[in-house]
Amino acid sequence: MTSVREATLDVLRQCGMHRVFANPGSTEVAFLADLPDDLEFVLALHEGAVVGMATGHAIATGRPAFVNLHTTAGLGNAVGALATARVNRAPLVVVVGQQDRRHLALEPFLAGRLDGLAGPYPVWVNQPVLAQDVPAAVRRAWHEAVQHRGPAIVVVPMDDWSARIDPALGLAAPRTVRRTGWAPGPAVDEVTSLLDDAVNPVVVVGAGADEERTWDALVSLVERLGAPVWQEAFGARAGFPQDHPHFAGHLPAGRSRLRSVLAGHDVALVVGTGAFRQYPYEPGPLTPDALTVAVVSADPDELHHSRADLAVLADPATLCTAVADRITARPAGEAVAAVRPERVDPPAPGERMRARHVFAALAERLPRNVVLVEETPSTRPELHRLLPARQPRGFVSAAMGGLGFGLPAAAGLRLGDPTRPVVAVLGDGSSLYGIQGLWSAARYGCGALFVVLSNGRYAVLDRLADRVGGKAPWPAFEDVSVHGLASALGCPARRVTDHPDLVAILDEVVPTLAGRTEPLLLDVPVRTEQGFEP
(Lines give C-alpha, C1' and ligand atoms only; values in the text may rest on other atoms or scores of the structure.)
Protein backbone atom coordinates (compact mmCIF):
# COMPACT_ATOMS: atom_id res chain seq x y z
CA MET A 1 0.00 0.00 0.00
CA THR A 2 1.07 3.59 -0.63
CA SER A 3 2.35 5.62 2.31
CA VAL A 4 0.74 8.86 3.44
CA ARG A 5 3.90 10.70 2.38
CA GLU A 6 3.89 9.22 -1.13
CA ALA A 7 0.20 9.99 -1.58
CA THR A 8 0.71 13.57 -0.34
CA LEU A 9 3.63 14.14 -2.70
CA ASP A 10 1.38 12.98 -5.53
CA VAL A 11 -1.21 15.57 -4.44
CA LEU A 12 1.49 18.27 -4.60
CA ARG A 13 2.31 17.20 -8.16
CA GLN A 14 -1.33 17.08 -9.22
CA CYS A 15 -1.90 20.58 -7.84
CA GLY A 16 1.20 21.99 -9.53
CA MET A 17 3.06 22.74 -6.27
CA HIS A 18 6.57 21.71 -7.33
CA ARG A 19 8.46 23.94 -4.88
CA VAL A 20 8.58 23.39 -1.12
CA PHE A 21 9.31 26.61 0.80
CA ALA A 22 10.64 25.72 4.25
CA ASN A 23 12.97 26.19 7.19
CA PRO A 24 13.16 22.58 8.44
CA GLY A 25 12.78 21.26 11.98
CA SER A 26 12.75 17.79 13.47
CA THR A 27 8.98 17.38 13.16
CA GLU A 28 9.32 17.79 9.37
CA VAL A 29 12.30 15.52 8.63
CA ALA A 30 10.17 12.44 7.93
CA PHE A 31 8.37 14.41 5.23
CA LEU A 32 11.38 16.18 3.72
CA ALA A 33 14.11 13.51 3.74
CA ASP A 34 14.75 12.03 0.28
CA LEU A 35 12.52 14.59 -1.39
CA PRO A 36 12.04 13.41 -5.00
CA ASP A 37 14.03 15.24 -7.65
CA ASP A 38 10.94 16.61 -9.37
CA LEU A 39 10.13 18.66 -6.25
CA GLU A 40 12.44 21.58 -5.47
CA PHE A 41 13.31 22.48 -1.86
CA VAL A 42 13.62 26.25 -1.31
CA LEU A 43 15.35 27.17 1.96
CA ALA A 44 14.84 30.42 3.89
CA LEU A 45 16.58 31.14 7.19
CA HIS A 46 13.50 32.24 9.15
CA GLU A 47 9.87 31.25 8.90
CA GLY A 48 8.82 34.82 8.16
CA ALA A 49 11.06 34.74 5.10
CA VAL A 50 9.71 31.28 4.14
CA VAL A 51 6.14 32.54 4.05
CA GLY A 52 7.18 35.83 2.46
CA MET A 53 8.89 34.04 -0.44
CA ALA A 54 5.92 31.72 -0.88
CA THR A 55 3.58 34.72 -0.86
CA GLY A 56 5.55 36.41 -3.63
CA HIS A 57 5.59 33.15 -5.59
CA ALA A 58 1.81 32.77 -5.26
CA ILE A 59 1.23 36.35 -6.41
CA ALA A 60 3.53 35.85 -9.40
CA THR A 61 2.01 32.56 -10.53
CA GLY A 62 -1.59 33.10 -9.44
CA ARG A 63 -1.53 29.60 -7.89
CA PRO A 64 -1.13 28.34 -4.31
CA ALA A 65 2.44 27.95 -3.11
CA PHE A 66 3.43 25.12 -0.74
CA VAL A 67 4.91 25.96 2.67
CA ASN A 68 6.31 23.56 5.28
CA LEU A 69 6.64 24.95 8.82
CA HIS A 70 8.04 23.60 12.08
CA THR A 71 5.72 23.05 15.04
CA THR A 72 4.95 25.80 17.62
CA ALA A 73 8.03 27.98 17.14
CA GLY A 74 7.92 27.76 13.36
CA LEU A 75 4.24 28.55 13.06
CA GLY A 76 4.55 31.24 15.71
CA ASN A 77 7.44 32.89 13.85
CA ALA A 78 5.40 32.84 10.65
CA VAL A 79 2.17 34.38 11.96
CA GLY A 80 2.95 37.94 10.89
CA ALA A 81 3.82 36.78 7.38
CA LEU A 82 0.70 34.63 7.24
CA ALA A 83 -1.35 37.71 8.16
CA THR A 84 0.30 39.56 5.29
CA ALA A 85 -0.48 36.70 2.92
CA ARG A 86 -4.12 36.81 3.96
CA VAL A 87 -4.46 40.54 3.44
CA ASN A 88 -2.51 40.27 0.16
CA ARG A 89 -4.95 37.55 -0.92
CA ALA A 90 -2.13 35.15 -1.66
CA PRO A 91 -3.16 31.46 -1.72
CA LEU A 92 -0.84 29.25 0.34
CA VAL A 93 -0.97 25.60 1.37
CA VAL A 94 0.82 25.41 4.73
CA VAL A 95 1.72 22.06 6.29
CA VAL A 96 2.81 22.42 9.92
CA GLY A 97 4.70 19.64 11.69
CA GLN A 98 3.51 18.20 14.99
CA GLN A 99 4.98 15.74 17.47
CA ASP A 100 4.38 12.01 17.08
CA ARG A 101 0.66 11.21 17.35
CA ARG A 102 1.37 8.14 19.50
CA HIS A 103 2.44 10.15 22.55
CA LEU A 104 0.84 13.55 22.00
CA ALA A 105 -1.36 12.97 25.06
CA LEU A 106 1.80 13.13 27.21
CA GLU A 107 2.76 16.54 25.75
CA PRO A 108 6.32 15.57 24.80
CA PHE A 109 9.03 18.04 23.82
CA LEU A 110 7.97 19.96 20.67
CA ALA A 111 4.31 19.06 21.08
CA GLY A 112 2.50 22.11 19.79
CA ARG A 113 -0.77 23.66 20.90
CA LEU A 114 -1.30 24.73 17.33
CA ASP A 115 -5.04 25.17 17.09
CA GLY A 116 -5.67 28.91 16.98
CA LEU A 117 -1.99 29.86 17.18
CA ALA A 118 -2.21 31.76 13.90
CA GLY A 119 -5.41 33.47 15.02
CA PRO A 120 -8.03 34.33 12.37
CA TYR A 121 -5.52 34.76 9.54
CA PRO A 122 -5.66 31.28 7.97
CA VAL A 123 -8.65 30.71 5.70
CA TRP A 124 -8.85 27.08 6.89
CA VAL A 125 -7.12 25.00 9.59
CA ASN A 126 -7.27 21.23 9.93
CA GLN A 127 -5.50 18.43 11.80
CA PRO A 128 -6.69 15.21 10.17
CA VAL A 129 -8.33 12.77 12.56
CA LEU A 130 -6.54 9.85 10.87
CA ALA A 131 -3.17 9.69 9.14
CA GLN A 132 -5.12 8.30 6.16
CA ASP A 133 -6.81 11.71 5.78
CA VAL A 134 -3.62 13.77 5.33
CA PRO A 135 -3.43 13.68 1.49
CA ALA A 136 -7.09 14.65 1.18
CA ALA A 137 -6.60 17.45 3.72
CA VAL A 138 -3.70 18.84 1.67
CA ARG A 139 -5.79 18.68 -1.50
CA ARG A 140 -8.69 20.37 0.28
CA ALA A 141 -6.27 23.04 1.62
CA TRP A 142 -5.35 23.78 -2.01
CA HIS A 143 -9.04 24.27 -2.88
CA GLU A 144 -9.64 26.39 0.25
CA ALA A 145 -6.62 28.58 -0.50
CA VAL A 146 -7.87 29.17 -4.05
CA GLN A 147 -11.46 29.77 -2.95
CA HIS A 148 -10.69 32.20 -0.14
CA ARG A 149 -7.38 33.64 -1.41
CA GLY A 150 -5.24 33.09 1.65
CA PRO A 151 -3.22 30.57 3.67
CA ALA A 152 -4.82 27.20 4.46
CA ILE A 153 -3.11 25.18 7.22
CA VAL A 154 -2.85 21.41 7.70
CA VAL A 155 -1.23 20.13 10.92
CA VAL A 156 0.47 16.75 10.46
CA PRO A 157 1.93 14.64 13.30
CA MET A 158 5.37 13.40 12.28
CA ASP A 159 4.53 9.68 12.41
CA ASP A 160 1.65 10.11 9.97
CA TRP A 161 4.02 10.25 7.00
CA SER A 162 4.99 6.57 7.28
CA ALA A 163 1.42 5.30 7.78
CA ARG A 164 -0.13 3.30 4.96
CA ILE A 165 -3.13 4.38 2.88
CA ASP A 166 -6.12 2.09 2.54
CA PRO A 167 -6.92 2.55 -1.16
CA ALA A 168 -10.55 1.55 -0.61
CA LEU A 169 -11.13 4.68 1.47
CA GLY A 170 -9.95 7.07 -1.25
CA LEU A 171 -9.49 10.81 -0.75
CA ALA A 172 -12.23 12.93 0.82
CA ALA A 173 -11.63 15.86 -1.54
CA PRO A 174 -12.44 16.45 -5.22
CA ARG A 175 -9.75 16.14 -7.86
CA THR A 176 -10.84 19.26 -9.75
CA VAL A 177 -12.93 22.27 -8.72
CA ARG A 178 -14.35 24.69 -11.28
CA ARG A 179 -15.65 28.05 -10.07
CA THR A 180 -18.29 29.66 -12.23
CA GLY A 181 -20.17 32.17 -10.07
CA TRP A 182 -23.50 33.08 -11.70
CA ALA A 183 -22.25 32.61 -15.27
CA PRO A 184 -21.85 28.87 -15.97
CA GLY A 185 -19.01 29.18 -18.48
CA PRO A 186 -16.80 26.23 -19.59
CA ALA A 187 -17.91 24.06 -16.65
CA VAL A 188 -21.19 23.52 -18.50
CA ASP A 189 -19.29 21.90 -21.36
CA GLU A 190 -17.45 19.58 -18.95
CA VAL A 191 -20.61 18.44 -17.19
CA THR A 192 -22.53 18.12 -20.47
CA SER A 193 -19.74 16.05 -22.00
CA LEU A 194 -19.63 13.74 -18.98
CA LEU A 195 -23.36 13.10 -19.17
CA ASP A 196 -23.49 12.76 -22.96
CA ASP A 197 -20.70 10.18 -22.85
CA ALA A 198 -22.28 8.23 -20.01
CA VAL A 199 -23.90 4.89 -20.76
CA ASN A 200 -26.01 4.79 -17.59
CA PRO A 201 -25.98 8.11 -15.68
CA VAL A 202 -27.65 8.77 -12.34
CA VAL A 203 -28.56 12.03 -10.57
CA VAL A 204 -28.38 12.61 -6.81
CA VAL A 205 -29.98 15.69 -5.26
CA GLY A 206 -29.72 17.35 -1.88
CA ALA A 207 -30.97 20.19 0.26
CA GLY A 208 -29.13 22.83 -1.79
CA ALA A 209 -31.42 22.06 -4.73
CA ASP A 210 -34.61 22.84 -2.81
CA GLU A 211 -35.98 25.84 -4.65
CA GLU A 212 -38.33 26.19 -7.59
CA ARG A 213 -35.78 27.22 -10.23
CA THR A 214 -33.55 24.27 -9.44
CA TRP A 215 -36.44 21.79 -9.39
CA ASP A 216 -37.54 23.04 -12.82
CA ALA A 217 -33.98 22.81 -14.18
CA LEU A 218 -33.47 19.31 -12.81
CA VAL A 219 -36.79 18.06 -14.16
CA SER A 220 -35.83 19.32 -17.62
CA LEU A 221 -32.35 17.79 -17.34
CA VAL A 222 -33.37 14.32 -16.16
CA GLU A 223 -36.22 14.04 -18.65
CA ARG A 224 -33.75 14.66 -21.47
CA LEU A 225 -31.15 12.42 -19.84
CA GLY A 226 -33.53 9.58 -18.99
CA ALA A 227 -31.78 9.07 -15.64
CA PRO A 228 -33.08 8.05 -12.20
CA VAL A 229 -32.94 10.63 -9.44
CA TRP A 230 -32.05 9.78 -5.84
CA GLN A 231 -32.34 12.04 -2.79
CA GLU A 232 -29.28 12.23 -0.54
CA ALA A 233 -29.33 10.30 2.73
CA PHE A 234 -30.32 12.37 5.77
CA GLY A 235 -31.11 15.40 3.63
CA ALA A 236 -32.58 18.40 5.40
CA ARG A 237 -34.66 19.42 2.37
CA ALA A 238 -35.98 17.76 -0.79
CA GLY A 239 -34.03 18.50 -3.96
CA PHE A 240 -36.48 17.12 -6.53
CA PRO A 241 -40.23 16.42 -6.82
CA GLN A 242 -40.62 13.04 -5.19
CA ASP A 243 -43.77 12.15 -7.11
CA HIS A 244 -41.99 12.56 -10.46
CA PRO A 245 -41.62 9.46 -12.69
CA HIS A 246 -37.82 9.71 -12.53
CA PHE A 247 -37.60 9.82 -8.73
CA ALA A 248 -36.06 6.56 -7.52
CA GLY A 249 -36.00 7.05 -3.75
CA HIS A 250 -33.64 8.01 -0.93
CA LEU A 251 -30.04 6.84 -0.92
CA PRO A 252 -29.12 4.47 1.91
CA ALA A 253 -26.75 5.75 4.58
CA GLY A 254 -24.36 2.78 4.59
CA ARG A 255 -21.55 2.09 2.11
CA SER A 256 -22.50 -1.44 1.07
CA ARG A 257 -26.10 -0.51 0.23
CA LEU A 258 -24.94 2.72 -1.44
CA ARG A 259 -22.59 0.74 -3.70
CA SER A 260 -25.45 -1.59 -4.53
CA VAL A 261 -27.72 1.32 -5.55
CA LEU A 262 -25.02 2.95 -7.67
CA ALA A 263 -23.75 -0.28 -9.24
CA GLY A 264 -24.11 -0.27 -13.02
CA HIS A 265 -24.03 3.51 -13.29
CA ASP A 266 -20.92 5.05 -14.83
CA VAL A 267 -21.54 8.76 -14.07
CA ALA A 268 -23.25 10.34 -11.05
CA LEU A 269 -24.24 14.01 -11.14
CA VAL A 270 -24.68 15.24 -7.55
CA VAL A 271 -26.55 18.55 -7.20
CA GLY A 272 -26.96 20.63 -4.06
CA THR A 273 -25.08 18.38 -1.66
CA GLY A 274 -21.77 16.61 -1.10
CA ALA A 275 -20.84 13.15 -2.33
CA PHE A 276 -21.94 11.13 -0.39
CA ARG A 277 -23.44 11.60 3.08
CA GLN A 278 -23.32 8.54 5.35
CA TYR A 279 -24.29 7.58 8.88
CA PRO A 280 -22.87 4.31 10.30
CA TYR A 281 -19.33 3.59 9.11
CA GLU A 282 -18.87 0.46 7.04
CA PRO A 283 -15.61 -0.89 5.61
CA GLY A 284 -15.01 -0.94 1.90
CA PRO A 285 -15.07 1.70 -0.83
CA LEU A 286 -17.68 4.43 -0.79
CA THR A 287 -18.73 4.01 -4.43
CA PRO A 288 -18.21 1.48 -7.23
CA ASP A 289 -14.77 1.69 -8.82
CA ALA A 290 -16.03 2.58 -12.29
CA LEU A 291 -18.23 5.48 -11.17
CA THR A 292 -17.24 9.02 -12.17
CA VAL A 293 -18.71 11.61 -9.78
CA ALA A 294 -19.41 15.27 -10.59
CA VAL A 295 -20.76 17.58 -7.86
CA VAL A 296 -22.53 20.91 -8.41
CA SER A 297 -23.17 23.17 -5.43
CA ALA A 298 -23.19 26.82 -4.40
CA ASP A 299 -21.56 25.80 -1.10
CA PRO A 300 -17.76 25.38 -1.35
CA ASP A 301 -17.65 23.29 1.84
CA GLU A 302 -19.89 20.69 0.22
CA LEU A 303 -17.56 20.53 -2.75
CA HIS A 304 -14.31 20.44 -0.82
CA HIS A 305 -15.17 17.39 1.29
CA SER A 306 -16.75 15.43 -1.57
CA ARG A 307 -15.32 12.26 -3.07
CA ALA A 308 -15.55 13.56 -6.61
CA ASP A 309 -13.69 13.70 -9.89
CA LEU A 310 -15.15 17.09 -10.79
CA ALA A 311 -16.69 19.69 -8.49
CA VAL A 312 -18.36 22.83 -9.81
CA LEU A 313 -18.98 25.83 -7.58
CA ALA A 314 -22.06 27.34 -9.20
CA ASP A 315 -25.67 28.28 -8.69
CA PRO A 316 -27.31 24.85 -9.25
CA ALA A 317 -30.34 26.25 -11.09
CA THR A 318 -28.22 28.26 -13.52
CA LEU A 319 -25.79 25.47 -14.28
CA CYS A 320 -28.42 22.72 -14.56
CA THR A 321 -30.54 24.88 -16.87
CA ALA A 322 -27.54 25.42 -19.14
CA VAL A 323 -26.67 21.70 -19.13
CA ALA A 324 -30.29 20.73 -19.87
CA ASP A 325 -30.27 23.09 -22.86
CA ARG A 326 -27.11 21.51 -24.31
CA ILE A 327 -27.40 17.85 -23.44
CA THR A 328 -28.36 15.36 -26.11
CA ALA A 329 -31.88 14.08 -25.46
CA ARG A 330 -32.20 10.33 -25.04
CA PRO A 331 -35.18 8.21 -26.07
CA ALA A 332 -38.19 8.74 -23.84
CA GLY A 333 -38.41 5.00 -23.27
CA GLU A 334 -35.35 5.11 -21.02
CA ALA A 335 -37.24 6.85 -18.18
CA VAL A 336 -37.27 4.98 -14.90
CA ALA A 337 -40.38 3.62 -13.24
CA ALA A 338 -41.96 5.95 -10.71
CA VAL A 339 -41.73 5.29 -7.00
CA ARG A 340 -45.30 5.15 -5.77
CA PRO A 341 -46.31 5.30 -2.11
CA GLU A 342 -47.20 1.80 -0.99
CA ARG A 343 -50.68 0.86 0.16
CA VAL A 344 -50.97 0.47 3.93
CA ASP A 345 -53.94 -1.37 5.33
CA PRO A 346 -55.34 0.02 8.59
CA PRO A 347 -54.59 -1.86 11.81
CA ALA A 348 -56.96 -4.59 12.89
CA PRO A 349 -59.50 -3.65 15.57
CA GLY A 350 -57.73 -3.42 18.91
CA GLU A 351 -54.28 -3.52 17.29
CA ARG A 352 -51.91 -0.72 18.30
CA MET A 353 -51.10 1.68 15.50
CA ARG A 354 -47.70 1.74 13.84
CA ALA A 355 -46.01 4.83 12.43
CA ARG A 356 -46.86 3.71 8.89
CA HIS A 357 -50.57 3.85 9.70
CA VAL A 358 -50.21 7.49 10.74
CA PHE A 359 -48.13 8.34 7.66
CA ALA A 360 -50.63 6.69 5.32
CA ALA A 361 -53.53 8.57 6.91
CA LEU A 362 -51.64 11.83 6.47
CA ALA A 363 -50.66 10.98 2.89
CA GLU A 364 -54.32 10.57 1.89
CA ARG A 365 -55.25 14.00 3.26
CA LEU A 366 -52.37 16.48 3.15
CA PRO A 367 -52.43 19.04 0.31
CA ARG A 368 -49.62 19.27 -2.25
CA ASN A 369 -48.30 22.53 -0.82
CA VAL A 370 -47.91 21.26 2.75
CA VAL A 371 -44.62 21.94 4.54
CA LEU A 372 -43.81 18.66 6.27
CA VAL A 373 -41.34 18.96 9.15
CA GLU A 374 -39.74 15.67 10.19
CA GLU A 375 -38.07 14.60 13.41
CA THR A 376 -38.93 10.95 13.85
CA PRO A 377 -35.56 9.20 13.53
CA SER A 378 -36.62 5.59 13.97
CA THR A 379 -39.29 5.71 11.26
CA ARG A 380 -37.91 8.31 8.87
CA PRO A 381 -37.42 5.88 5.94
CA GLU A 382 -41.11 4.94 6.07
CA LEU A 383 -42.10 8.61 6.22
CA HIS A 384 -40.07 9.20 3.05
CA ARG A 385 -41.77 6.33 1.27
CA LEU A 386 -45.28 7.35 2.21
CA LEU A 387 -45.11 11.16 2.32
CA PRO A 388 -43.16 12.37 -0.73
CA ALA A 389 -42.30 16.06 -1.07
CA ARG A 390 -44.29 17.45 -4.00
CA GLN A 391 -43.31 21.13 -3.96
CA PRO A 392 -40.16 23.04 -3.03
CA ARG A 393 -39.86 23.44 0.74
CA GLY A 394 -42.24 20.50 1.04
CA PHE A 395 -39.89 18.68 3.41
CA VAL A 396 -37.77 20.18 6.21
CA SER A 397 -35.60 18.32 8.71
CA ALA A 398 -32.57 18.91 10.90
CA ALA A 399 -29.31 18.85 8.94
CA MET A 400 -27.13 17.97 11.94
CA GLY A 401 -29.10 15.20 13.62
CA GLY A 402 -29.41 16.86 17.03
CA LEU A 403 -32.90 16.59 18.45
CA GLY A 404 -35.18 19.52 19.25
CA PHE A 405 -35.26 21.23 15.85
CA GLY A 406 -38.56 20.05 14.44
CA LEU A 407 -41.13 21.40 16.87
CA PRO A 408 -39.97 25.03 17.10
CA ALA A 409 -38.96 25.04 13.42
CA ALA A 410 -42.51 24.13 12.44
CA ALA A 411 -43.82 27.10 14.42
CA GLY A 412 -41.30 29.38 12.75
CA LEU A 413 -42.10 28.06 9.28
CA ARG A 414 -45.79 28.77 9.79
CA LEU A 415 -45.02 32.22 11.23
CA GLY A 416 -42.71 33.01 8.31
CA ASP A 417 -45.10 31.87 5.57
CA PRO A 418 -48.72 31.69 6.73
CA THR A 419 -49.86 30.89 3.17
CA ARG A 420 -48.75 27.27 3.46
CA PRO A 421 -50.03 24.63 5.88
CA VAL A 422 -47.38 23.18 8.21
CA VAL A 423 -47.41 19.68 9.70
CA ALA A 424 -44.66 18.44 12.02
CA VAL A 425 -44.23 14.68 12.48
CA LEU A 426 -42.18 14.09 15.62
CA GLY A 427 -41.07 11.29 17.87
CA ASP A 428 -41.96 11.79 21.51
CA GLY A 429 -38.27 11.75 22.47
CA SER A 430 -37.55 14.38 19.81
CA SER A 431 -40.48 16.55 20.90
CA LEU A 432 -39.25 16.72 24.48
CA TYR A 433 -36.10 18.53 23.35
CA GLY A 434 -38.15 21.43 21.96
CA ILE A 435 -41.45 21.13 23.80
CA GLN A 436 -41.23 24.73 25.08
CA GLY A 437 -41.81 25.84 21.48
CA LEU A 438 -45.48 24.97 21.91
CA TRP A 439 -45.94 27.95 24.21
CA SER A 440 -44.61 30.27 21.53
CA ALA A 441 -46.67 28.56 18.82
CA ALA A 442 -49.83 29.20 20.86
CA ARG A 443 -48.82 32.69 21.95
CA TYR A 444 -48.07 33.91 18.41
CA GLY A 445 -50.84 32.13 16.51
CA CYS A 446 -48.73 29.61 14.62
CA GLY A 447 -51.45 27.26 13.37
CA ALA A 448 -49.26 24.22 12.76
CA LEU A 449 -50.34 20.62 13.34
CA PHE A 450 -47.93 18.66 15.54
CA VAL A 451 -48.26 14.87 15.23
CA VAL A 452 -46.23 13.16 17.95
CA LEU A 453 -45.57 9.42 17.58
CA SER A 454 -45.29 8.22 21.16
CA ASN A 455 -43.49 4.98 21.90
CA GLY A 456 -42.04 6.09 25.24
CA ARG A 457 -38.40 5.42 24.41
CA TYR A 458 -35.40 6.32 22.26
CA ALA A 459 -36.02 3.57 19.71
CA VAL A 460 -33.00 4.31 17.50
CA LEU A 461 -30.62 4.07 20.44
CA ASP A 462 -32.26 0.84 21.57
CA ARG A 463 -31.67 -0.69 18.13
CA LEU A 464 -28.06 0.54 18.03
CA ALA A 465 -27.47 -1.02 21.46
CA ASP A 466 -28.87 -4.28 20.09
CA ARG A 467 -26.35 -4.14 17.24
CA VAL A 468 -23.35 -3.82 19.54
CA GLY A 469 -24.73 -6.58 21.71
CA GLY A 470 -25.04 -4.55 24.89
CA LYS A 471 -27.84 -3.85 27.29
CA ALA A 472 -29.13 -0.29 27.08
CA PRO A 473 -28.74 1.43 30.48
CA TRP A 474 -31.35 4.10 29.77
CA PRO A 475 -34.93 3.50 30.87
CA ALA A 476 -38.12 3.98 28.88
CA PHE A 477 -40.20 7.07 29.61
CA GLU A 478 -43.70 5.82 28.88
CA ASP A 479 -45.00 7.75 31.89
CA VAL A 480 -44.32 11.11 30.18
CA SER A 481 -47.51 12.70 28.88
CA VAL A 482 -46.72 14.77 25.80
CA HIS A 483 -50.31 15.95 25.44
CA GLY A 484 -50.33 16.90 29.13
CA LEU A 485 -47.19 18.98 28.65
CA ALA A 486 -48.72 20.63 25.59
CA SER A 487 -51.85 21.60 27.51
CA ALA A 488 -49.75 23.00 30.35
CA LEU A 489 -47.94 25.18 27.79
CA GLY A 490 -51.19 26.55 26.39
CA CYS A 491 -51.28 24.45 23.23
CA PRO A 492 -54.48 22.51 22.49
CA ALA A 493 -53.76 18.77 22.46
CA ARG A 494 -55.55 15.46 21.96
CA ARG A 495 -54.58 11.89 22.80
CA VAL A 496 -55.42 9.64 19.82
CA THR A 497 -55.37 5.95 20.70
CA ASP A 498 -57.02 4.21 17.74
CA HIS A 499 -57.04 4.48 13.98
CA PRO A 500 -60.70 5.50 13.47
CA ASP A 501 -60.21 8.41 15.90
CA LEU A 502 -57.05 9.45 14.06
CA VAL A 503 -58.83 9.45 10.71
CA ALA A 504 -61.77 11.39 12.11
CA ILE A 505 -59.54 14.07 13.67
CA LEU A 506 -57.45 14.44 10.51
CA ASP A 507 -60.60 14.76 8.42
CA GLU A 508 -61.69 17.53 10.77
CA VAL A 509 -58.37 19.37 11.10
CA VAL A 510 -56.49 19.05 7.79
CA PRO A 511 -59.00 21.12 5.74
CA THR A 512 -58.51 23.97 8.25
CA LEU A 513 -54.69 24.03 8.15
CA ALA A 514 -54.34 26.74 5.51
CA GLY A 515 -56.17 29.35 7.61
CA ARG A 516 -55.56 27.98 11.06
CA THR A 517 -54.16 30.35 13.72
CA GLU A 518 -54.24 27.94 16.66
CA PRO A 519 -51.74 25.08 16.94
CA LEU A 520 -52.87 21.56 17.69
CA LEU A 521 -50.85 18.63 19.02
CA LEU A 522 -51.93 15.02 18.45
CA ASP A 523 -50.29 12.55 20.85
CA VAL A 524 -50.47 9.20 19.03
CA PRO A 525 -49.23 6.05 20.81
CA VAL A 526 -47.49 3.76 18.30
CA ARG A 527 -45.84 0.37 18.41
CA THR A 528 -42.05 0.37 18.68
CA GLU A 529 -40.35 -0.71 15.47
CA GLN A 530 -37.77 -3.47 15.85
CA GLY A 531 -35.76 -2.66 12.74
CA PHE A 532 -33.65 0.38 11.84
CA GLU A 533 -32.07 0.78 8.40
CA PRO A 534 -31.19 4.45 7.75
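Biologist: Why does Asn455 count as buried?

Modeller: This is a predicted model, and in it Asn455 has 10% relative accessibility. Buried means under 20%, so Asn455 counts as buried.

Biologist: Where is Asn455 found, and which residues does Asn455 touch?

Modeller: Asn455 is found in the loop between S17 and helix H16 (459-468). Leaving out residues up to four places away in sequence, Asn455 touches Ser378, Asp428, Glu478, Val526 and Thr528.

Biologist: Let's turn to the strands. What makes strand S19 (residues 520-525) largely enclosed by the rest of the structure?

Modeller: Six of the six residues of S19 are buried, so the strand is largely enclosed. Leu520, Leu522 and Val524 point one way, Leu521, Asp523 and Pro525 point the other way, and all are buried. As background, side chains in a regular strand alternate between the two faces of the sheet.

Biologist: How do you know that S19 pairs with S17 and with strand S18 (residues 493-495)?

Modeller: Two strands pair if there are at least two bridges between them. Six bridges join S17 to S19, and three join S18 to S19. Both of these pairings run parallel.

Biologist: What is the order of the strands in the open sheet, and which are the edge strands?

Modeller: Six strands form the open sheet, in the order S15-S14-S16-S17-S19-S18, with parallel pairing. The edge strands are S15 and S18, since each pairs on one side only. On average, neighbouring strands are turned by 20° against each other, direction ignored. Elsewhere in the sheet, five bridges join S14 to S16, which run parallel, and Val371 has Val422 as its bridge partner in S16.

Biologist: Which strands does H11 touch, and what angle does the helix make with S17?

Modeller: H11 packs on the sheet and touches S16, S17 and S19. The direction of H11 makes about 160° with that of S17.

Biologist: Why are helix H11 (residues 355-363) and helix H18 (residues 499-509) called roughly parallel?

Modeller: Their axes come within 10 Å and cross at roughly 30°. Angles under 35 degrees count as roughly parallel, and H11 and H18 are therefore roughly parallel to each other. Their crossing is right-handed. The contact is made by His357, Val358, Ala361 and Leu362 of H11 and His499, Leu502 and Leu506 of H18. By class, that contact has five nonpolar, two polar and no charged residues.

Biologist: How do you know that H3 and H4 are roughly parallel?

Modeller: Helix H3 (residues 47-61) and helix H4 (residues 72-87) pack at an angle of about 30°, with their axes 7 Å apart. With under 35 degrees as the cut-off, H3 and H4 are therefore roughly parallel to each other. The crossing of H3 and H4 is right-handed. Among the residues making the contact are Gly48, Val51 and Gly52 of H3 and Gly74, Ala78 and Ala81 of H4. Here the classes are five nonpolar, five polar and one charged.

Methods:
Residues are numbered from 1 along each chain as its sequence is written. This is a predicted model: local features need pLDDT of at least 70, side-chain atom pairs count only at pLDDT 80 or more; totals for chains, interfaces and linings use all residues. Side-chain values use heavy atoms; hydrogens and water are left out. Axes are lines fitted to C-alpha atoms, for helices over the stretch in contact, and angles run from 0 to 180 degrees between N-to-C directions. Helices (H or I, at least four residues) and strands (E, at least two) are DSSP runs, numbered from the N terminus. Angles under 35 degrees count as roughly parallel, over 145 as roughly antiparallel, 65 to 115 as roughly perpendicular and the rest as oblique. A crossing is left-handed if the near helix is turned anticlockwise from the far one by less than a right angle, and right-handed if clockwise. Contact means heavy atoms within 4.5 Å. Ala, Val, Leu, Ile, Met, Phe, Trp, Tyr, Cys and Pro count as nonpolar, Asp, Glu, Lys and Arg as charged, and the others, Gly among them, as polar. Buried means under 20% relative accessible area, exposed over 50%, partly exposed in between (1.4 Å probe, protein chains only).
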